[in-house]
Amino acid sequence: MEKKYWQSLEAYKELKKSELPQGNEPHAEFSIEGLDESEIKGKSSRRDFLKMLGFSVSAVALASSCQTPIRKAIPLLNQPEDLIPGVPNFYASTFFDGIDYCSILVKTRENRPIKIEGNDLSPLTKSGTSARVQASVLNLYDDARLRKPFNNGNESDWETIDREISQQLGGLAQEGKSVVLLTSTIISPTTRKLIKEFREIYPNITWTTYDEVSASAIRKANEQNFGRAVIPFYHFDKATVIVSFNADFLGNWLLPVTFSKQFSGRRKLSNGNTDMSRLYMFESAMSLTGSNADYRIPIKPSEEGLVLMSLYNEIAGISGATTYPVPSHGFDVKQAAMDLLDNKGKSLVVSGTNNVNIQLIVNAINQLLGNYASTIDLNKTVNLKQGDDERMRQLVAKMNQGQVAGLLMYNVNPAYNYPQTDVFISGLKKVGLKVSFAETMDETALLCDYVCPDNNYLESWNDAEAVKGYLSITQPTIQPIFNTRQFQDSLMAWGSFGGDFSTYLEANWKGLLSSGNPDGKSWAKVKHDGVYTRKADAGETPGFIPQGLKLPEANSSGVELALYEKIGIGTGKYSNNPWLLEMPDPITTATWDNYACVSPKFAEEHQLQFEDVVKINGQIELPVLVQPGQAYGTVSIALGFGRTAAGKAGNNVGQNVYRLMNGKNSTFQLSGEVVSLEKVIGKTYPLALTQMHHTMEGRPIARETTLRDFIKNPSSGNEKERFNEENNTTLYQKVNFDGIQWGMSIDLSSCTGCANCVIACQAENNVAVIGKEQVKNRRIMHWMRIDRYYSEDVENPEVFHMPTMCQHCDNAPCENVCPVAATNHSTEGLNQMAYNRCIGTRYCINNCPYKVRRFNWFEFTNNNQFDYNMNSELGKMVLNPDVIVRQRGVVEKCSLCIQRIQEKKLLAKMENRPLKEGEVVVACQQSCPTDAIGFGNLQNPSSKVSKERKEKRTYHLLGHLHTLPSTTYMTKVRNKES
């Protein structure tokens, strides 16, 4: 039976209706974009239509003919040696915000950072990034950033701040009173050395590390099993079988960019490779990793321990190890157990649950399978997630007991994200000296005596060691925009170190490079490359110390809660970043809000519909989103929303649900808490989703097969309308390419749907943020979108992610309907847009079968109605000067980064040589952590895109229309039995 796909529950219901016998089929309703039902059924005459058309065209033409205001530029008196106007500079640096890590290159224009790229010299992240890394450049130009230090709510200066804080720290040290330095995870060896020396000056200072989403259970379990409180490095590239329990390693867990690169490397099937890994995913909420699993099993949080113990028993029973009694639970784990046993030493079991008992069972399974020293490296440790939940609890208790005289807080916001916020705030009121180093006046900074604003990371010096032995450098790419100062420089000022942190960092690195530097790298070379690898002691894998396994305490008597991080907003640190707020979630395709996800069956039983409002624990009101794949009897809600002091874009967006964390054990858990869920009668809340914009209409858009079928027949899953270059009968005039035909290929087996490319494209091409209301009106402006399709069972569907952008068709339907030739075809195969010719008829949009063209319904620049980065002089500094900002009434769409193409063509011309294969790299391709996107010259038979075009997996989107796109897709292959 042919597999059928659907994008939403409405589409699923229509699909089921279409399967009814003839005569029972209900009347289908229809809609036309921009018209409501009354307008459709009205009897407007042709004359009325022409009147309206004439008025609309005239108005648009009048608006677009207005003269642009003159803005004067001041020339440089003394031009810096490395600054050539119009030519970008790139600086190697590091992104680390206490949670996410990535080695990066920062693109600057006229000393202004405008774009983040991945550093291909990094052995950890290579050239990949994530959506949050891409969007981080906009944080530099955030209007909410503090301009200067504050003293008791009033603006101050650094001299006053330093004098008063130094005096108070000195007095507290003499009295021997407790002062605590509370920080996020710090992976900088040099900063850790500085803190150590600072604490030697003030011996009364203790250091506590706090992570709002903790992984302390992994460290505690490893301490019991191996005598080391560490997080090991996981080799997903060496694992043939992966079993994950709530560990979203492709989205948010530990090192998602690194793990995405590893995982995708085992999913590629080019050049005859069929060695593909298999992924099992047990989870409560549909995650990015779950959507890419070969086998996905929805479970309640209370069932995780049961399933894990059953998996252990299956493996232990065959291996002759001790087994444990497990209550019946209805989950069959035999297939996963047999796959793991068949791949001993080449398998991997992980869990993202912050529960020590869970992690002890995971360790025991990996020990039985012989995965340590193969897919799990305890010597090559991960330095992220250093927070200790127990120590944080103790600190808050001491604060409330009046035992903490001073609190210095760096890169933490516990007044917002600590699970027991009221307890923390009450304790903070009893602390005498309260200092925050926040970049913005966040919820915690508002409660502090002194706010000493830290520099943005793009203005800072630092280093990082995310994984033992793999170091990288952070260096400033712009002078501090405001009167801010690095956290490290503040410590040095209060400790009377003398000098600044950049000098301290250089001295520390020169000492490091003077010994144990076999490559002879200089400090200048390290700064140039941005990365440095030092050989760590390999050592032997420590012996395994068995522990008695026991099931975690679980209460499954009610609705179970599963909190999670969205791919865009994460923990809420960047809740004021409009790029991330408007990024469609890869799973729900929702923007601008959090919501309560429930399963279709649960919603039906409790009479819940999309956008109904429910009250969680009688306190927090959230709209309902009925989510296919959600475990029955659970509700999942995203963290990171409900900020009250984020900034103009992020304030009061969604609800803060940190207080719902499960804190019954020694650790804080995202899942397992039992909550009450009550429908608020008669109340709804609108959500802005993009999932209803585009449907498949029964056409073979999503194409997939199984590995078994692919090995038998490489064309499997792609038999319908497979791309045929010879079938070129057409009324269109044949394009004569001038030696170049630009094309793109997308491997759907590699793409995870992470939406990193969406933000990379937005940053590169000055795509406007339009706000929730316009998203609801189906006017989102992204040039690239990730279409998400479901298939199979509505309670546990398979998910299909498909990047979609302008296909740059050779027989482009948009070109022959434009009355002013604003869209035309180049001799290099590009479908071009001449913005100054466009009069906004939108005929091209109506005639595009891919629906990838965007219309500027409003002026999104300098418009208070759209008060985002393009309405701010500071925010506009992020704009790429190589790409024009479009005006109202103009159509726009993907240009295949024509500015990058021209840049490399001009460079080749200056050097009197032809373009090299792979020299032009478009924004989405460059940032992709899974290398799913290829770009190059289709006229060059040795190019990657030309070779992939000949693969039997290759097909054209809507190929039956014979538009001859320059973009091709490769059928998705799942490693499952059927």
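Lysine 434 lies in strand β16, residues 433–436; strands here are DSSP runs of E with at least two residues, helices are runs of H or I with at least four, and both are numbered from the N terminus. With a relative accessibility of 10%, lysine 434 counts as buried. Buried means under 20% relative accessible area, exposed over 50%, and partly exposed in between, using a 1.4 Å probe and protein chains only.

Please keep in mind that this is a predicted model, in which local features need pLDDT of at least 70 and side-chain atom pairs count only at pLDDT 80 or more, while totals for chains, interfaces and linings use all residues. Residues are numbered from 1 along each chain as its sequence is written, and side-chain values use heavy atoms, with hydrogens and water left out.

Let us move on to helix α16, residues 487–494, where 7 of the 8 residues are buried, so the helix is largely enclosed by the rest of the structure. The buried residues of α16 are Phe487, Gln488, Asp489, Ser490, Leu491, Met492 and Trp494. Just after α16 comes serine 496, which takes a positive phi of about 55°.

Now step back to the whole chain. Its secondary structure comes to 27 helices and 41 strands. The radius of gyration of the chain is 29 Å, close to the 30 Å that the globule rule gives for 978 residues, so the chain is as compact as a globular protein of that length. That radius is taken over C-alpha atoms, and the rule is 2.2 Å times the number of residues to the power 0.38. Along its principal axes, the C-alpha trace spans about 90 × 80 × 65 Å. Buried residues make up 60% of the 978 in the chain. Of the contacts with a separation of 6 or more, 72% are between residues 24 or more positions apart.

Finally, the domains, whose bounds come from an automatic or database domain assignment. The chain is divided into domain 1 (2–65), domain 2 (150–209 + 387–467 + 469–533), domain 3 (217–381), domain 4 (559–689) and domain 5 (704–731 + 740–974). Taken over C-alpha atoms, the centres of domain 4 and domain 5 are 31 Å apart. The contact between these two takes 27 residues from domain 4 and 27 residues from domain 5.

Definitions and conventions. Contact = heavy atoms within 4.5 Å.
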